[in-house]
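Please look over the structure below before reading the notes.

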Amino acid sequence: MINIFEVNETNNMIEKENLDVRTITLGISLLDCITDDLDKLNHNIYQKITRVAQNLVKTGKEIEREFGIPIVNKRISVTPIALIGASACKSPEDFVTLAITLDQAAKEVGVNFIGGYSALVSKGMAHFEENLIRSIPKALASTDRVCSSVNVGSTKTGINMDAVKLMGEIIVMTAKETQNRDSLGCAKLVVFCNAPDDNPFMAGAFHGVTEADAVINVGVSGPGVVKTALSKVRGKNFETLCETIKKTSFKVTRVGQLVAVEASKKMGIPFGIVDLSLAPTPAIGDSVADILCEIGLEYVGAPGTTAALALLNDQVKKGGVMASSYVGGLSGAFIPVSEDQGMIDAVLAGALTIEKLEAMTCVCSVGLDMIAIPGNTKATTIAGMIADEMAIGMINQKTTAVRIIPVIGKEVGDMVEFGGLLGHAPIMPVNQFSCDAFINRGGRIPAPIHSFKN
Amino acid sequence: MKKTIITVIGKDTVGIIAKVCTYLANNRINILDISQTIVQDYFNMMMIVDMNESSKPFGEISSELEQIGEEIGVIIKCQREEIFSKMHRI
């Protein structure tokens with residue numbers, strides 16, 4: 001039987017080390033809503049989401065109550081909207097009406113975010129997909145809870161450089177459309193390479209077409225728990241370090257598995273995956289950067305950072321895989337800047353640059369995340385940053401993403417406040433040399449040689 | 001049988017166990033195991049109980065126990081056993 005020490009250990013993790021379930025994300029297929037009549041499509045989408053998700057928030061609260069574990073977010077992901085609106089939406093403005101409907105449905109059922117205002121264009125862009133992408137700035141400016149993502153590359157298809165160029169422009173336009181809120185729209189927009197179909201984390205969640213009608217995916221989080229465990233093995237060798245991370249990750253993931261199975265049972269919706277990610281929040285003690293410092297770095301960004309992150313990411317997976325029956329999503333350590341106080345401190349100390357962050361994304365999930373840059377950064381420069389990150393994903397057969405925020409009216413040295421889980425960030429300098437001629441070539445980068453496995 | 005873990009943490013005082021046990025008895029909640037320790041001068045108790053015979057739903061019992069805790073100046077938490085067993089047992 002369970003003893004008092006085990007009970008205390010678990011409750012200390014929850015109360016003192018910020019162990020929580022970061023999100024229960026309900027994936028909903030909207031494929032059966034499709035029609036060529038825009039009004040009817042909006043009606044169908046609203047009806048389906050509010051019907052399938054009606055008990056999501058209530059179920060989340062019940063689970064919180066019964067197990068005594070906080071569930072920070074309840075979210076919804078839907079089928080990429082470019083597909084759903086392909087027939088009914090003739091213009092970007094038509095797509096914006098769908099975004100507003102998603103926002104209304106999200107508010108009606110009380111979820112924090114709804115993801116899936118997305119297009120998957122890794123090889124080519126159909127006209128309806130281009131319309132959706134061009135609607136993103138307006139869609140994010142006219143909604144509160146809608147999140148958008150665009151997949152512009154994959155190991156199998158290469159990189160769609162036309163889409164990369166367009167996304168550079170769309171990010172700048174989104175920043176301008178939401179400039180009265182510190183360009184907040186860009187915090188809800190992700191550009192992906194190798195985007196997974198079952199990711200529960202925002203802003204990049206969507207419900208892939210390979211998925212069932214509805215599915216429950218769960219993301220856990222416990223950077224504080226890992227950090228506390230590591231503080232007890234200071235000075236010990238790498239074997240002890242790695243074993244400690246693995247064991248802690250196992251415990252954290254078991255909570256996610258329990259919550260996922262319980263939510264699935266209560267709602268009568270199949271359990272999809274647990275995402276084994278270490279996701280930080282701006283709260284003190286809930287930081288991935290702090291774990292890297294505990295491993296032995298003065299600040300994140302110091303030499304050794306990439307190696308420390310690589311071992312952390314790998315041990316989290318090794319510990320987590322056995323704790324869950326199905327693992328998926330992004331599964332790795334997140335390194336957003338604005339959402340992690342340790343990262344912010346490293347930037348302010350001059351230890352961490354965008355180039356080092358890029359190197360770090362080679363060994364963890366997901367990519368250049370929540371990085372605030374000067375508002376006057378050129379669209380082609382942003383496209384170049386996207387292309388670099390997509391290349392890392394394509395060649396390494398992993399998911400990579402870019403969520404950068406050119407904050408209109410701000411320059412290097414300024415701070416920007418996004419609020420809540422999105423945190424705050426110093427504006428980071430961007431390499432000023434031009435890549436215009438590279439980005440303006442057009443077309444696509446072919447799939448890499450190691451993708452031909454058949 | 002669904003087991004529930006009740007934890008009581010707070011400054012030690014007379015009658016904590018009596019008060020909690022009286023509530024449990026009145027609500028037909030059976031105590032399977034009790035252990036108690038003092039951690040850093042704080043009273044720390046854990047009970048494993050069986051709520052199957054109780055007519056009240058989990059949420060109500062949990063809130064009422066929290067309220068009793070407030071009255072006597074301790075924190076009482078009520079959690080289903082699985083969160084601990086899943087974490088600490090393979």
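This is a predicted model: local features need pLDDT of at least 70, side-chain atom pairs count only at pLDDT 80 or more; totals for chains, interfaces and linings use all residues.

Residues are numbered from 1 along each chain as its sequence is written, while chains are lettered from A and ligands numbered from 1 in the order in which they are written.

**Domains of chain A**

- Chain A is divided into domain 1 (19-193) and domain 2 (220-444); the bounds come from an automatic or database domain assignment.
- The C-alpha centres of domain 1 and domain 2 of chain A are 22 Å apart.
- The contact between them takes 43 residues from domain 1 of chain A and 48 residues from domain 2 of chain A; two residues are in contact if their C-beta atoms, placed from the backbone, lie within 7 Å.
- On the side of domain 1 of chain A that touches domain 2 of chain A, α7(A) gives the most, with 11 residues. Helices (H or I, at least four residues) and strands (E, at least two) are DSSP runs, numbered from the N terminus.

**Contact with chain B**

- In chain A, 17 residues are in contact with 21 residues of chain B.
- α1 (4-16), α3 and α9 (238-267) of chain A each give two or more residues to the side that touches chain B.
- Of these elements, α1(A) gives the most, with 5 residues.

**Helix α3 of chain A**

- Helix α3 (residues 56-67) of chain A has 12 residues and reaches 17 Å from its first C-alpha to its last, close to the 16 Å expected; the expected span is 1.5 Å times one less than the number of residues.
- A:L56, A:T59, A:G60, A:I63, A:E66 and A:F67 are buried in α3(A). They are on the same side of α3(A) because they cover an arc of only 135° around the axis, taken from the directions from the helix axis to the C-beta atoms.
- A residue is buried if 20 or more other C-beta atoms lie within 10 Å of its own, exposed if 12 or fewer, and partly exposed in between, with C-beta atoms placed from the backbone.
- After α3(A) comes A:G68, with a positive phi near 70°.

**Backbone details**

- A:N18 is not a glycine, yet has a positive phi of about 60°. A:N18 is in the loop between α1 and β1 of chain A.
- A:S331 is also not a glycine and has a positive phi of about 45°.
- A cis peptide bond, with omega about 15°, joins A:M202 and A:A203.
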